Amino acid sequence: MSEKIRATAPDGPIETRWERRRFEYKLVNPSNRRKYTVIVIGSGLAGASAAASLGELGYRIKVFCYQDSARRAHSIAAQGGINAAKNYQNDNDSIFRLFYDTVKGGDFRARESNVYRLAQVSNNIIDQCVAQGVPFAREYGGTLANRSFGGAQVSRTFYARGQTGQQLLLGAYQALSRQVAAGTVTIFPRTEMLDLVVEKNRAVGIIARNMITGEITRHAGDVVVLASGGYGNIFFLSTNAKGCNASAAWRSFRRGAFFANPCFTQIHPTCIPVSGDYQSKLTLMSESLRNDGRVWVPKKKGDKRPPNEIPEEERDYYLERRYPAFGNLVPRDVASRAAKVVCDAGHGVGESGFGVYLDFSEAIERLGEETIRQRYGNLFHMYEKITGENPYRTPMRIYPAVHYTMGGLWVDYDLMSTIDGLFVAGEANFSDHGANRLGASALMQGLADGYFVLPYSVPNFLATAGHSEATPDDPEFLSAEREVEDRIRRLLSINGSRTVDSFHRELGMVLWQHCGMARNRQGLEEALKRIPEIRAAFWKDVKVPGSAETLNQALEKAGRVADFLEMAELLCRDALEREESCGCHFREEYQTEEGECRRNDEDFAHTAVWEFAGDEKPPVRHKENLKFEYVKPSQRSYK
Amino acid sequence: MRIRLKVWRQESREAAGRFETYDLDSVNEHMSFLEMLDVLNEKLTLEGKEPVAFDHDCREGICGMCGFLINGIAHGPEKGTTLCQLHMRHFQDGAELTLEPWRAKAFPVIKDLIVDRSALDRVIQAGGYISVNTGSAPEANIHPVPKDTAEKAMDAAACIGCGACVAACPNASAMLFTAAKVSHLGLMPQGQPERMQRVKKMIAAMDAEGFGSCTNHGECQAVCPKEISTEFIARLNRDLIRSALLLTRV
Amino acid sequence: MCGNSPAANPPGKPVEEFFAEDMAVRMIKTLTQTTVGQKVLMAVTGLILFLFILGHLSGNLLIFAGREHMNEYAHFLHEHPKFLWPARIVLLFCFFVHIVAAARLWLKNRSAREEGYTIYLPIETTIAARTMIYGGAAIFFFLLWHLLHLTFGVVGPRFDPNDVYGNVVRGFQNPAIAGIYLVGVACLCAHLYHGAWSLLHTLGLSAPEIDCAKKKAARILAVLIGLGYASIPLAVLTGVVR
């Protein structure tokens, strides 16, 4: 195990770990706070909430985001809700139960201390958001409403129609706006971080590009917080926003931050299938649809009849058949894989053959169209808008799509990476979800990190490490700036014959095929051969039009794809080395007789932590061993 | 299907703009409008021309990043739809479509179809929030909120800040945007302490940014992808009148 | 470039702190310095002018009751300057405020979009709404003409201060003059239609449940007022009133 990997989680009773750690944290005198600069990358739930909270404490904050406004970060697209252990429904929920469900849902690959803290602060998040005016759904009595989500047996999910992420993000954005008015926060919209500057293993600043003028700027700070989101777009087609990228995280990796569990990527089972090769992104349909919809495919291979003409006995309700107890409500990873299995066997529907039916006809018959309209009206409307088909009449077609990445930069209990002063929050870090994230937990984690962890752990670091003496004129800044400029110049000078997107699409196909819902040694080795080829072709033949001194969307994309092309290898390497199946990581060689995940706790009850070793050498794999003191690992079963 | 596009091209904020015409021969009717532009851009890139710059991000109608006018209508002809959710099947084969950026003094064009909407951020910064520091929140269920009130607040809070209301308004007014936030926070019990100050500060900021005033045309509501009602503008007016008439110092 | 230079979000222009004033100052500042306040001024003055137009119409319709009634009514007004002059001052003040606010807002609105659209397709708005400022200007000039014609007797045929009825009938027997009045009334009608429901909106009276009825009522009212005013020159032209 590397020296640098110290989880630093306190031991002792898990209920008091966070409290004890908070007491150990050093404080910064209020009058000294304004002398510290905190750089925050990303303005999503984690970034905005951290920046606003640290600004309230009196630190000077610089927030960078690539969008034109901090309000547009992709947290905004989360539909379902946010979990909290309030137990408002009196259904015997508790902090411990939320903790237990999250560790188990993550297939025992998350750090217990972190998850417990997450469950503890979940309640404060709801209080905070309500106080900010987030219009959560209410009961007639005026109290907060909850729903059950993602197969949980308790109703602990708080929601604001199908736009929970939007409302929570706007709450954080408004808190951030208040700090901008108060003068503690400066926002740099349309500005992209292109490199991290490290001096003596301490993060001291960033190199950024103004996406309007093309100007490269150097920003020094005492702490850098990365809240730059996940890397799902590495697959080209995903439910992420088009601009989502891994460049900030990847550049930090190259500068010495370790990367944990990159192969843990979540594939969401209910998305609208790909309809053509022009497709630019995939749209998620809320998981709640599976509460009333029945999933099926034709029993006959390649059956091209319209769904309504396929008689009942010729339909295979494969989820109900394989998982009689949970039926259509099995967890995300199980549902996704099952869809892949039937489609790979030739039963898939739609033009491409990669789709399964989600049929509401039985529910409509039983409950009436009006009830279904009330429950899912907006989702049906969205589906019709996109596909032009009416799901009240004909079954929806769905297929799994990349949705979330559990892997991310490795952080300790304080959310600090292996580079001192580089903190990582939200989806960008790896910490809380193990090998599979439960529904409505992403929003919870982003806000927990930003509102209730970083505002304590960042000051502790500042009080301990003191000011960074670095200035933007240090040689480290100048050389990093030069590297960034050189790279941009190189991208523009290739002037080849293929567009950036064509490479990205090609990379995505390779990853989806070999490192997607199911992986095997042969495929991963094939991918590890193909990816360097694509990368080499990219650097030889890509065509990036325009100049560096203006708004140039192709150039922005090119830089991101170049990073994805490097990162993809790490993804496959990690998947190859993890010789077990767990959560979203399904290795075909390691499955039970019924085709379910077979974990190997003896050899793989650890977090894989990768260290960059230079462009010529393969990255080094370290381990952080996981201890399970409170939740005993068991086989997940949904039969 | 075949589509002819007349697209506004403008190098930079200072440069003069012009329309350029492009023909696309094999547009698939299942494409989204932005995917059709992706195809155009791939084509332009390979021809050695500079692609059309347009803002977009989530492509599922919630981030508010995309937006321009198609044949004179903000976000195109479909009601309650952002550009990214508009599909080509709503257009005729052989259609000629003119794409023009949002136009308003407060939204200067940055490049092609991209405009600078930071004025909307500054309107929020003027008071579109509830002043509650992290950690100081009371128990969430301490303020019951009637279901209808929460629903109405949510109707207003659904605003995605895309700026179509400004673009479509004959006066380039940002009243619907401002009113949506004033109403959302003004409806919630948590928003009451600052309600009277909020409305004045936000209106002052809106005026200072160079937006026009509301003359009740209703164009904003007609193009709003979230179909936010002008009823909220009346609510803002009401709050402003009330704040002016308060006897106590506020 | 070095990082600690110009901030990317210059704090917007300073927000005036006029909410801390005492009530009178606060009210005046709100009404004169914010766009919404000026709209409220226009709405309130518009409402007063609207009521005047109704009152004026009911007086004018006395023409159908005959010369004596009409002249008696005019005579009555002139005999009571205690009522007439305050009313005139209030009306003048309202006109003044309404026009100044309209002009200021119009200038601001024009400057809010310096470069117009090449193609702009309105969906919801009406001709009435889009021509408020022009219709308003037309009404203003019509009003001047109207005062010169029937109050001061400077333009038009022979003017007899003691025979309002005769002045009206003589005036409208000239088709050109009647035409001017009909055009003026048409402008007024459109202006009132948008103005009537719009002022309610500006004063905060709106809900999805009543908005449709509000517009319908405004339309009916505007048309009735228009017909009422137009009936007089038409009646004279067709010889119904002589």
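This is a predicted model: local features need pLDDT of at least 70, side-chain atom pairs count only at pLDDT 80 or more; totals for chains, interfaces and linings use all residues.
Where does B:Leu86 lie? I found B:Leu86 in the loop between β4 (73–74) and β5 (95–100) of chain B. Leaving out residues up to four places away in sequence, I listed what B:Leu86 touches: B:Ser32, B:Phe33, B:Gly76, B:Glu78 and B:Thr81. I also checked B:Ser26, which is 60 residues apart from B:Leu86 along the chain; their C-alpha atoms are separated by 18 Å.

Next, I looked at how the chains meet. I noted 64 residues of chain B in contact with 65 residues of chain A. On the chain B side, the elements giving two or more residues are α1 (33–46), β6 (109–111), α2 (118–125), α3 (147–157) and α5 (175–187). Which element gives the largest share? I wrote down α1(B), with 7 residues. By type, I got 30 nonpolar, 20 polar and 14 charged residues on this side of chain B.

Last, I turned to two helices of chain A. The axes of α5 (residues 112–131) and α12 (residues 442–465) come within 9 Å and cross at roughly 80°, so I call α5(A) roughly perpendicular to α12(A). From α5(A), the contact residues include A:Leu118, A:Val121 and A:Ile125; from α12(A), they include A:Met444, A:Tyr451 and A:Phe452. I sorted the residues of this contact into 8 nonpolar, 4 polar and no charged.

How values were computed: Residues are numbered from 1 along each chain as its sequence is written. Chains are lettered from A and ligands numbered from 1 in the order in which they are written. Axes are lines fitted to C-alpha atoms, for helices over the stretch in contact, and angles run from 0 to 180 degrees between N-to-C directions. Helices (H or I, at least four residues) and strands (E, at least two) are DSSP runs, numbered from the N terminus. Angles under 35 degrees count as roughly parallel, over 145 as roughly antiparallel, 65 to 115 as roughly perpendicular and the rest as oblique. Two residues are in contact if their C-beta atoms, placed from the backbone, lie within 7 Å. Ala, Val, Leu, Ile, Met, Phe, Trp, Tyr, Cys and Pro count as nonpolar, Asp, Glu, Lys and Arg as charged, and the others, Gly among them, as polar.
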